[in-house]
Amino acid sequence: MTTPPPALLIAGHGTRDEAGAEAFRDFVRALGLRRPDLPVAGGFIELSPPPLGDAVAELVQRGVRRFAAVPLMLVSAGHAKGDIPAALAREKERHPGISYTYGRPLGPHPALLRVLDRRLEEALEGTAEDRSDVTVLLVGRGSTDPDANAEVFKAARLLWEGRGYAGVETAFVSLAAPDVPSGLQRCARLGARRIVVLPYFLFTGVLPDRVRQQTQDWAAAHPEVEVRSADVVGPEPELLDLVLERYEEAVKGDLRMNCDSCVYRIALPGFEDKVGLPQQPHFHPDDDGHHHGHHHHGGHAHSHAH
């Protein structure tokens with residue numbers, strides 16, 4: 001008899017917005033339909049039902065003893081780093097005999113960047129084709145964790161690379177600077193005449209609504225700048241696939257470094273020629289093993305004077 005695969009447990013932030021909470025619950029149901037061979041359940045850390053503990057209890061009642069937990073979060077902040085591991089440790093005490101592996105947050109995966117780009121296209125629909133005069137303001141949740149805020153800047157940079165926008169700036173809706181009005185002001189000071197505010201959020205909720213409202217308020221006070229609001233990521237097929245990819249990583253123990261956005265693995269826009277290029281060691285000219293005038297590194301010749 002083959003051992004059944006570990007169940008999939010989805011851990012969400014939680015929101016006071018009922019539509020946002022229902023979007024999460026719908027997404028968990030969609031994952032279950034995508035993988036009927038897997039028991040799938042999902043719960044929240046705070047603010048909305050069901051709590052994560054109820055989702056674990058549901059799986060245990062279905063006979064599950066092993067599961068992989070995936071945080072349905074874009075960045076690794078306090079929830080992903082502390083709250084969820086603590087909650088899982090508590091559940092292990094409540095349900096002796098269960099075991100789990102913990103996956104990593106979604107991060108600025110190329111599949112998600114494609115969805116973000118689509119949201120920008122939708123926001124710009126009916127306007128000039130040229131992206132070179134469009135500045136994007138990517139707005140993250142905001143955190144007291146500098147590493148989490150830095151992840152949003154990384155997403156902004158990856159969204160800019162190879163897509164032809166005038167620039168992609170970053171702001172936060174809570175807990176971190178710059179806030180949305182300051183971010184818009186920065187875009188304007190940099191000469192932006194067309195701005196699209198892009199919420200870096202998976203589902204609707206109180207904070208994405210706040211981003212949209214603050215954007216509208218700033219735009220009303222600055223009629224000389226064209227400002228548009230894009231939609232959240234939403235339950236796109238790419239998001240379903242990415243969560244299942246994080247599940248497979250957690251099950252196999254293949255929690256890699258930042259290979260999601262490595263130009264040698266992934267065909268990023270404008271860098272497609274780098275995929276699969278052989279990587280050679282970069283010899284230092286003072287190294288005893290360095291006896292050649294030039295060598296290849298990453299497919300490019302480097303010359304050194306001796």
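Trainee: Which elements do the buried residues of H7 pack against?

Mentor: Quick caveat: this is a predicted model, where local features need pLDDT of at least 70, side-chain atom pairs count only at pLDDT 80 or more, and totals for chains, interfaces and linings use all residues. Numbering runs from 1 along each chain as its sequence is written, and side-chain values use heavy atoms, leaving out hydrogens and water. Helices (DSSP H or I, at least four residues) and strands (E, at least two) are numbered from the N terminus. Buried is under 20% relative accessible area, exposed over 50% (1.4 Å probe, protein chains only), and contact is heavy atoms within 4.5 Å. On those terms, the buried residues of H7 pack against E5 (134–140), H6 (180–189), E7 (194–199) and E8 (226–229).

Trainee: Why are the buried residues of H7 placed on the same side?

Mentor: The buried set is Leu-207, Pro-208, Val-211, Thr-215 and Trp-218. Taking directions from the helix axis to the C-beta atoms, they sit on the same side of H7 because their arc around the axis is only 105 degrees.

Trainee: How far apart are the end C-alpha atoms of H7?

Mentor: Expected span is 1.5 Å times one less than the number of residues. H7 has 16 residues, so it should span 22 Å, and that agrees with the end C-alpha distance of 23 Å.
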